[in-house]
Every structure is written in C-alpha cells, then in structure tokens.
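Have the viewer open as you read.

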Amino acid sequence: MAQGILQIACFCALIVAVVPLLGGHMARVFRGEHTLLDPVSGRLERGAYRVLGVDPTRQQDWKAYARAVLLFSAAGWLLLFVILRTQTLHPLNSGDFHSAPWDVTFNTVSSFVTNTNWQFYGGETTMTYVSQAVGLTVQNFVSAAVGIAVAVALVRAVANRRQDTRQDTPTDPNAGTIGNFWQDLTRAITHVLLPIAFIAALLLVGQGVLQTLGATAHGVARGPVASQEAIKELGTNGGGFFNVNSAHPFENPTAFSNLIELFLILVIPASLTATYGRMVGNRRQGWAIFGAMSLLFVISVAVVFAAERHGTPAQQLAGLVGGNLEGKELRNGTTMSSLFTAVTTVTSCGAVNSAFESLTGIGGLVPMANMAYGESVFGGVGTGLYTMLMYVLLAVFIGGLMVGRTPEFLGKKIEAREIKLVSLGVLATPLLVLLGSGVALATKYGAPSIYATGPQGFSETLYAYMSQANNNGSAFAGYTGFLQPNAGNLDSNGVTFADIVGGLVMLGGRFLPIIIVLAIAGSLTGKRVAPAGAGTLRTDTGTFGGLLIGVVVLIGALTFFPALLLGPVVQGLTTHLF
Amino acid sequence: MPLPKEVLTAIRAMVVLTLVLGLAYPLAVTGVAQVVMPGKANGSFIKQDGKVVGSKLLGVAPTIDTGRKDADGNPITAPDPAFFQPRPSATGYATDTSFFSNRGPNSDTARQFYKDEIAAYLALNAKSNPGLKASTIPVDAVTTSASGVDPDISIANATIQARRVAAARGLDLSKVMALVSDHTHGRFVGVFGERGVNVPELNLALSNQKAA
C-alpha cells in the first residue's frame with residue numbers, strides 16, 4: 001500500500017517539475033521566439049515552409065484557420081485510407097497481409113485522423129509495416145499537432161491585447177486573426193513532438209522495445225515498434241502496434257519503459273497549462289487550471305488504485321486473496337496498472353497496459369468518469385486545454401451571474417455568442433456518446449458487437465461510444481467490430497454498424513468541437529480589453545479552481561450518471577456473478 | 001479563387017510530412033537502434049548452444065508430451081514440472097498474436113476459470129508444498145496476464161514452484177533458490193514497478209545447470 005502510494009507520488013512530482021520547463025519551451029515555440037532547438041528544428045521548419053509555399057507571417061482569421069485544419073485532416077484521411085486499402089502492394093509485407101474490409105478501414109482511418117486510435121483490429125495480425133509506419137505513425141504525429149495548433153490559436157485569441165481599439169480597423173491586416181495554422185502545425189512537429197519522440201524511441205529500444213524491419217522470426221511477430229510507441233504516448237494517440245497495446249512486453253518491457261510511457265502521455269497536456277499561463281501573461285492562470293485538473297486526476301487514481309487492490313468478486317468467490325491481477329502484467333502490478341489506467345483516460349490517450357474489461361466494477365467506472373468530463377482533465381494534447389478553456393468560460397459565466405456582473409475573462413467580455421458556442425461545444429460530445437450507445441443498445445444492430453453478459457455487456461457498449469466520441473481510444477476490448485479468422489485479413493469481416501457509427505462518432509467528436517473552439521477564438525480575439533477592477537471575477541485563484549471543478553463534475557454527472565449506474569456501478573456494488 | 005491553393009497546400013503538407021515522419025523518422029530510429037543495440041531492437045532473443053530458444057521478454061510455458069491425443073489427433077501436453085511455469089495465458093502463449101482474456105469482474109465463467117486454475121496449480125505444486133491452498137496461492141499464478149506472454153512471476157510464486165522444480169530435478173532447494181534470486185529483478189530506482197522473476201532466463205539457467 002505505502003509502496004504503491006510512493007510510486008504514484010513520485011510520478012506526480014516528476015510531472016509537476018517538468019510542467020514549467022516544457023510549458024515555457026512551448027510558449028516560446030508558439031510565440032515564434034528563438035529556442036535552443038533552432039539549429040536543427042529551425043532548419044526543418046524553414047524547409048517545410050519552402051515546400052508548402054506558405055508564408056508563416058501571414059495571419060489567418062478563424063475561418064481560414066478552420067478551413068486549413070479541415071482540408072489538412074481530409075487530405076490525411078484520404079491518404080491513410082489509400083495506404084490501408086492497398087496492403088497487398090506494400091513492400092516488407094512478409095506475411096502476405098491483405099487489406100482489412102472497407103468498413104473496418106473506415107473506422108480505423110477516422111480513428112487515427114481524429115487522434116482517437118480506437119482499434120477494432122489487432123496490429124500484428126492486420127497491419128503491414130508500411131501501414132504501421134508510413135500510415136499510422138504519421139497520423140499519430142499530425143493529429144496531435146493539429147490538436148496543439150487549435151489550442152494555441154484559442155489561447156492566442158484570449159491573450160490578444162488590443163488596448164487601443166481604434167487601430168482595430170478593417171485596414172489592419174491582422175484584425176480578427178488567430179495565427180497561422182501551417183506555422184503552428186509545423187512548429188508543433190519540428191520543435192516539440194519530433195525531437196522528444198526521437199529520444200524517447202531510442203530510450204524505449206534500450207529497454208527492449210522492438211525496432212526492426214525484419215520479418216517474423218522464430219514465430220515471434222516483430223516490426224518498427226519503438227518509433228510508433230514513442231509518438232503513440234507523446235501525442236496521446238494510444239493505438240498499439242500490438243493488439244494488447246502497452247501490455248505487450250515488446251511495447252512496454254520494463255518498469256522504466258512503463259514510467260517513460262506514463263510520462264510521455266501526461267507531459268504535453270499538463271505542460272500546456274503552463275504554456276497558456278505564459279501566453280496570457282499570468283502564470284497563475286495556468287497553475288489554477290493545472291491545480292483543478294490535478295485534483296480530479298488524483299481522485300481518479302486513488303479510486304481505481306483502491307478498487308484494484310481490493311480484487312474482484314469472481315476471484316474472491318473462487319477463494320483467492322489479493323488484488324486484481326486478471327489482465328494485468330506482473331511487472332506493472334496493481335499500482336502501475338491503476339496509474340496507467342487513470343493517466344490514459346484523463347488524457348485522451350487510450351493506450352493501456354492492462355485489460356480494462358477485467359477491471360473491477362468501480363475500477364472500470366473511473367475511466368468512464370474521466371471520459372464523462374469530456375477529456376478536459378489534462379485531456380488530449382491541445383484538445384484537453386481547449387476543452388478545459390470552454391469549461392473556464394462557462395465557469396466565468398456562471399460566476400458572473402452569481403455575483404451579478406457582466407462576465408469577463410481576462411478582461412474580455414463574455415457575451416451571448418460565446419456562451420452559445422461554448423454550450424454547443426460542451427454538449428456535442430456527450431450527445432454523440434448517448435445517441436451512439438442508445439441506438440446500439442436499442443436496436444438489434446449493436447448486439448453482434450457485445451461479448452459479455454449482464455451489466456458488463458452494457459458497460460462494453462457505453463464504453464465503446466464514450467471512448468470514440470471523446471477521441472480516447474481505450475476499450476472494454478470484448479466489444480467487437482472486426483471478425484478475423486486468420487492473421488492477414490483473408491476471409492475477415494467487419495461489423496458494419498459498429499464500424500461506421502463508431503467512425504462517424506469519432507469524426508463528430510473531433511471536428512465539431514474544433515470548429516466551435518476556433519469560432520470562439522475568432523470572436524474573442526478582437527475584443528476590447530477592460531482593465532481589471534475590484535469587482536472582477538479573478539480566474540487565477542483557488543476559489544475559481546473550485547468553481548471550475550464543480551462545473552466540470554456537474555456537467556459530467558448530470559449527463560452520464562443514469563448510464564453509469566446501469567453498468568459499472570451495479571457491478572461495483574454487488575458480489576453477484578452474471 | 002483562394003480555395004484551390006489551400007487544397008494544394010494541404011495535400012503538399014500531407015505528402016511532405018509523410019516523407020519526414022513516416023519514412024525518415026522510423027528509418028533513423030531503426031538505423032540507430034540496429035547499430036547501437038541490435039539485440040534488444042530485434043527481439044531480445046536468448047540462445048542455448050547457439051540456437052535461439054525464445055525471447056527474454058516472452059514467457060512461454062515449458063510442456064511435456066503426455067503421449068495421449070485429443071479428438072482432433074493433436075498431442076495433449078502438460079506443464080513440465082522440471083521448469084518454472086509462467087502465468088496463465090489467454091492466447092496459449094502465442095508469440096505471433098495477442099489478445100486479452102476479457103474476463104469481467106463479476107463473471108461466473110471467470111470464477112469457474114479461477115477454480116480450475118487453482119486445482120491445476122495445486123495438482124502441480126501441493127506435493128512439494130504441503131498445506132498449500134487457494135487462499136495462499138499467489139494471485140499472479142492463477143490469473144491471466146494481459147499480454148498472454150508475461151515473462152515474470154511473483155517471488156512468492158517462484159518460491160512455491162522452486163520446491164517442485166528442485167524435487168523434479170533432484171537438485172538442492174538452495175541451489176534452485178539461488179538461481180531464482182539471480183533472475184529476480186527489483187523495482188526501477190527502488191520505487192517504480194513490481195519485483196518479479198524472469199521465467200525465460202531462469203528456465204534457460206536451469207537447463208544449462210542440467211547440462212553442467
């Protein structure tokens with residue numbers, strides 16, 4: 001017990017120590033300032049602008065920025081679809097893998113382009129090395145960079161100070177602008193994701209993670225794993241090279257590799273709060289959000305840790321004494337499996353180092369609750385910060401109503417247009433979750449996907465749509481969308497309903513909030529800044545942090561409590577077997 | 001017409017980034033890994049007499065042929081008592097595919113599975129461990145690992161099995177326990193992860209012992 005708490009505390013301390021460092025670095029990167037990485041990264045960056053033919057100093061308004069995001073994502077979607085559907089033509093395809101069926105591919109492509117990395121397939125029996133590296137690894141990078149870019153654009157709009165609004169005339173070329181998408185995308189890759197991923201990949205190989213182009217040898221499936229593993233965690237993607245993800249010894253062989261992976265998952269979402277604080281010129285703003293996120297995170301770790309140590313009814317009724325090790329690796333144990341479970345679901349990573357379907361009832365409730373917060377507690381890279389900032393606007397609005405003043409956020413008036421957009425943004429994802437799982441459960445189309453009986457079957461379905469709509473990607477893995485009798489996809493079939501509805505839910509859960517967030521940015525960026533006065537609702541205090549937590553928890557609870565009762569809560573409260 | 005240029009930029013960006021992130025980056029990592037640490041990058045294979053006998057990172061159960069055949073004519077195997085047995089596997093210790101057991105916490109089939117695993121563990125170890133019963137069996141010994149090829153077992157599990165292995169091989173228990181302790185790994189910097197015993201390397205050391 002004490003050993004477990006020590007492990008978790010040391011990990012948290014490590015993150016807190018790195019947040020200001022990486023957060024500061026990212027603030028310099030996205031303000032276009034000089035950084036230590038410029039000798040290498042700067043060269044790559046300038047090369048990219050030349051090839052793309054873009055002028056990074058040309059500012060975009062929110063519509064141009066959103067168009068660039070959507071066009072870039074659409075181009076990525078089409079390219080990945082083509083790559084995955086032409087596997088028979090790929091080199092290094094020593095297992096003669098065919099392509100997966102069209103519906104599974106639709107789901108997979110939508111999954112990786114939206115940073116979800118939900119997987120109905122098992123990597124080592126479905127994907128060629130080319131699909132893994134040239135297809136999926138690339139989306140791991142760029143979908144993460146898109147998330148960061150959108151978050152930075154929103155922060156820029158909030159931070160934008162135009163004291164003298166008379167200059168803000170139509171002749172001002174930068175009026176109403178929020179940055180340049182191509183610059184944000186490029187710098188996120190060259191100055192943040194690529195350098196960290198490269199070093200992390202080599203560290204992981206040093207622990208025993210595979211990195212080879214050699215074919216299956218001695219009956220062992222292999223491949224270029226480490227290069228994908230590093231960005232899978234760093235970009236909060238979560239799509240495993242192997243079916244069992246970071247539980248596989250070739251993805252996560254040691255306690256050190258496990259620590260590296262946990263660190264990679266949390267480090268950018270956590271550090272972006274510090275980036276935000278610096279970009280708005282008040283570091284306490286960043287720490288207030290970090291504090292609110294941390295509190296919800298620590299609670300979720302504590303609950304899942306206690307639940308897993310307690311063990312499951314099935315084990316206890318068989319006469320066993322001890323924690324739940326079903327679907328867990330011994331080197332991770334209950335502690336590091338519990339921590340991983342919390343880390344991967346507060347962020348929208350979705351990589352797992354244990355089987356979520358085999359968590360205890362209450363242990364399985366925690367990932368669902370984390371997703372019910374809309375992935376705002378740290379959240380995905382970028383997506384977490386912009387989702388939390390929507391909650392901040394909501395909290396400012398509610399706080400403003402309570403004290404009877406016009407709500408202002410960092411000096412900018414929050415008006416009807418922003419609150420309408422925020423409400424849409426906050427409700428879009430839960431709506432997709434409940435519609436998706438509702439249709440799947442109420443019609444006969446969802447039944448073929450369900451593996452378990454009783455409330456567990458309900459949990460599987462709810463989890464599937466929560467995970468996909470929130471772009472998380474972790475799963476109660478019994479839920480099926482792909483029937484594959486042989487490795488290499490011959491004679492395989494998709495479960496069309498689950499594949500297509502899941503794919504659409506992921507696309508909606510990604511791009512609706514992005515468009516809404518950019519619209520909010522567009523509406524905030526040109527607003528006049530009122531000086532702070534005695535009656536201003538301060539957003540950098542513990543009180544505001546408390547209000548923020550209240551808003552996040554309340555919205556999550558009101559939306560999902562009835563559904564959660566039917567699945568994990570029932571199982572957590574009973575020793576009855578089904 | 002601003003739109004066509006934007007489309008062109010998006011396509012160009014996707015192509016360039018695919019070349020950099022999908023080819024240059026994985027190849028650079030592969031190049032460095034293959035030069036600096038080829039053993040680890042290729043699968044941490046372990047060899048006996050120059051022949052690959054498995055991977056240090058993949059726990060596979062050593063079996064003996066019972067001489068009997070099942071209905072399909074395939075030979076029925078049983079765990080080899082002279083070697084340490086890894087944790088139960090949902091995949092039959094497959095090294096070319098992986099999946100979870102997906103046994104739920106309140107599943108009646110899960111309870112039955114544990115009962116069967118407990119009976120099998122007792123059948124194998126009770127003779128050399130008098131007094132062993134369900135409540136004293138280490139949980140890792142009868143629950144399915146996540147990967148199906150968990151290379152580690154707990155020290156408690158190894159200690160119980162060491163008595164059986166020593167008896168089966170006619171070796172001193174102290175000698176077997178010394179090998180167990182040689183292949184026990186601690187926590188990372190004394191804090192992170194769990195202590196465990198690496199089964200593939202321990203079994204390799206055991207069989208080398210026999211040859212000596």
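How are H14(A) and H18(A) oriented to each other? They are roughly perpendicular (a label for angles of 65 to 115 degrees, while those under 35 count as roughly parallel, those over 145 as roughly antiparallel and the rest as oblique), because helix H14 (residues 383-403) of chain A and helix H18 (residues 542-573) of chain A pack at an angle of about 110 degrees, with axes 9 Å apart. Axes here are lines fitted to C-alpha atoms, for helices over the stretch in contact, and angles run from 0 to 180 degrees between N-to-C directions. Helices (H or I, at least four residues) and strands (E, at least two) are DSSP runs, numbered from the N terminus.

A word on conventions: this is a predicted model, in which local features need pLDDT of at least 70, side-chain atom pairs count only at pLDDT 80 or more, and totals for chains, interfaces and linings use all residues. Residues are numbered from 1 along each chain as its sequence is written, while chains are lettered from A and ligands numbered from 1 in the order in which they are written.

**Two helix pairs in chain A**

On the H14(A) side, the contact with H18(A) is made by A:Tyr391, A:Val392, A:Leu394, A:Ala395, A:Ile398 and A:Gly399, and H18(A) answers with A:Phe544, A:Leu547, A:Leu548, A:Val551 and A:Val552. Two residues are in contact if their C-beta atoms, placed from the backbone, lie within 7 Å. By class, this contact has 10 nonpolar residues, one polar and no charged. In this scheme Ala, Val, Leu, Ile, Met, Phe, Trp, Tyr, Cys and Pro count as nonpolar, Asp, Glu, Lys and Arg as charged, and the others, Gly among them, as polar.

Now turn to helix H3 (residues 62-85) of chain A and helix H4 (residues 102-113) of chain A, which pack at about 140 degrees with their axes 9 Å apart. That angle makes H3(A) oblique to H4(A). The contact draws on residues including A:Trp77, A:Leu80 and A:Phe81 of H3(A), and A:Val109 and A:Phe112 of H4(A). Its residues divide into seven nonpolar, four polar and one charged.

A residue is buried if 20 or more other C-beta atoms lie within 10 Å of its own, exposed if 12 or fewer, and partly exposed in between, with C-beta atoms placed from the backbone.

| Residue | Other C-beta atoms within 10 Å | Class |
|---|---|---|
| A:Phe409 | 22 within 10 Å | buried |
| A:Phe378 | 34 within 10 Å | buried |
| A:Pro20 | 18 within 10 Å | partly exposed |
| B:Tyr93 | 20 within 10 Å | buried |

A:Phe409 sits in strand S3 (residues 408-409) of chain A. Leaving aside neighbours within four places in sequence, A:Phe409 is in contact with A:Val158, A:Leu393, A:Val396, A:Ile414 and A:Thr539. A:Phe378 lies 31 residues from A:Phe409 along the chain, and their C-alpha atoms are separated by 21 Å.

A:Phe378 belongs to the loop between helix H13 (361-372) and H14 of chain A, and its phi is positive, near 70 degrees. In chain B, the phi of B:Tyr93 is also positive, near 60 degrees; this residue is in the loop between strand S4 (75-79) and helix H3 (108-125) of chain B. Most residues other than glycine have a negative phi.

A:Pro20 is placed in helix H1 (residues 2-30) of chain A. The C-alpha atoms of A:Pro20 and A:Gly286 are 9.8 Å apart, although 266 residues separate the two along the chain.

Helix H8 (residues 226-234) of chain A is mostly covered, with nine of its nine residues buried. After H8(A) comes A:Thr236, with a positive phi near 45 degrees.

**Interface and confidence**

The contact between the chains takes 99 residues from chain A and 75 residues from chain B. The side of chain A that touches chain B has 55 nonpolar, 36 polar and eight charged residues.

The predictor gives the complex an ipTM of 0.95 and a pTM of 0.95. Chain A has a mean pLDDT (the predictor's confidence in each residue, from 0 to 100) of 94, and 98% of its residues reach 70 or more. Over residues 164-168 of chain A the pLDDT is below 50, and beyond near neighbours in sequence this stretch has six contacts in the model. Chain B averages 94, with 97% of the residues scoring at least 70.
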